[in-house]
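Subject: A structure for you to look at

Hello,

I am handing over the structure we talked about, with the sequence alongside. Please open it first and keep it on screen while you read the rest.

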Amino acid sequence: MHNIIKSEKDFDEIIIENKDYIYPALFYAAGLILGSFCFELINNTALSKLIELVLKVSESSFASVFLNRFFLYFSVYVICVLLGMCLIGFPFINLVPFLIGCELAIKIAYFYVSFNMKGAGFSLLMIIPEGAAVAAVLIYAIQTSASLSKNIFEIAAKGNDGYKIEIKYYLKKYIIYGLVVAAISLVNALASFLIGSIIKI
């Protein structure tokens, strides 16, 4: 009995200690689920045609593939950073992985519906690894931003003039995360361009 109670406490402690990583992951999963349902609703509509057009334009060359990936994910990353610098940013910051999950699910659904098993294979090779890598980086960035936003809120709420935020600590992390997002975009663009030149979908 004692061991059962202890294991339950250990599990609760693990959840509490890692909640800053668990919550974004749950929102990301919710985005994946909602994105799948959303594509069923917009399929064969004008919005679906727009998605098809954007994907086709973005896959035309290596430069366009890289710029498409980079601007999409880096813009989302910048939103994450800005929310971290905002006084009340931490309650809304989990919307970032939610939107990324929706985008990824819609893209996967598009390729599967349009190209059947060939599209599913392409998603498995290219889209899912990229989405998982970006989501992992964003979850760490979200934890950093949530921490910064909470510190700013506490200083503003309590008026603690003696407490200082270590800007260099957060800036260093943000630079590293930004470089990782750029590296993921570059690697994925290169892989997509090389595979796209061999396998046409």
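Below is what I found in it, starting with the overall layout and then moving to particular residues.

A word on the ground rules. This is a predicted model, in which local features need pLDDT of at least 70 and side-chain atom pairs count only at pLDDT 80 or more, while totals for chains, interfaces and linings use all residues. Residues are numbered from 1 along each chain as its sequence is written, and side-chain values use heavy atoms, with hydrogens and water left out.

**Overall layout**

The chain has six helices and zero strands, giving the pattern α-α-α-α-α-α along the sequence. Helices here are DSSP runs of H or I with at least four residues, strands are runs of E with at least two, and both are numbered from the N terminus. Of the 201 residues in the chain, 33% are buried. Buried means under 20% relative accessible area, exposed means over 50%, and partly exposed is in between, with a 1.4 Å probe and protein chains only.

Among contacts with a separation of 6 or more, 77% are between residues 24 or more positions apart; a contact means heavy atoms within 4.5 Å. The chain exposes about 12,100 Å², and carbon and sulfur atoms supply 72% of that area. Accessible areas come from the Shrake-Rupley method with a 1.4 Å probe, and for residues only the protein chains shown count as cover.

**The core**

The largest nonpolar core has 29 residues, and the members that touch the most others are Tyr77, Cys80, Ile93, Val96, Ile100, Leu138 and Tyr174. Helix 4 (62-84), helix 5 (95-158) and helix 6 (167-198) each supply at least two residues of this core. Helix 5 gives the largest share, 16 residues. By nonpolar core I mean a set of buried Ala, Val, Leu, Ile, Met, Phe, Trp, Tyr and Cys residues joined through side-chain atoms within 4.5 Å.

**Salt bridges**

There are two salt bridges in the structure, each being a side-chain nitrogen of Lys or Arg within 4 Å of a carboxyl oxygen of Asp or Glu. In one, the side chains of Arg69 and Glu130 meet at 3.0 Å, N to O. This pair links distant parts of the chain, with Arg69 in helix 4 and Glu130 in helix 5, 61 residues apart. Arg69 is buried at 5% relative accessible area, and Glu130 is buried at 4%.

Another joins Lys107 and Glu103, whose closest N and O atoms are 3.1 Å apart. Both residues lie in helix 5, four residues apart, about one turn of the helix. Lys107 is buried at 8%, whereas Glu103 is partly exposed at 21%.

**Where helices meet**

Which residues does Gly31 touch, not counting residues up to four places away in sequence? They are Phe98, Gly101, Cys102 and Ala105. Gly31 lies in helix 2 (residues 19-42) and is buried, with 0% relative accessibility. The C-alpha atoms of Gly31 and Pro97 are separated by 7.4 Å, although the two are 66 residues apart along the chain.

Thr144, in helix 5, is buried at 2% relative accessible area. With residues up to four places away in sequence set aside, Thr144 touches Tyr170, Lys173, Tyr174 and Tyr177.

Over in helix 6 you will find Ile195, which is partly exposed at 24%. Ile195 and Leu125 are 70 residues apart in sequence, with 9.6 Å between their C-alpha atoms.

**Surface and cysteines**

Leu87, Ile88, Phe92, Leu95 and Phe153 make a nonpolar surface patch of about 450 Å². Patches are made of residues with over 30% relative accessible area and no salt bridge, where like charges are joined within 9 Å and nonpolar side chains (Val, Leu, Ile, Met, Phe, Trp, Tyr) within 5 Å. Phe153 belongs to helix 5 and is partly exposed at 35%.

Finally, the structure holds zero disulfides, a disulfide being a pair of cysteine sulfur atoms within 2.5 Å. Cys86 is partly exposed at 31%, while Cys102 is buried at 12%.

Enjoy exploring!

Best wishes
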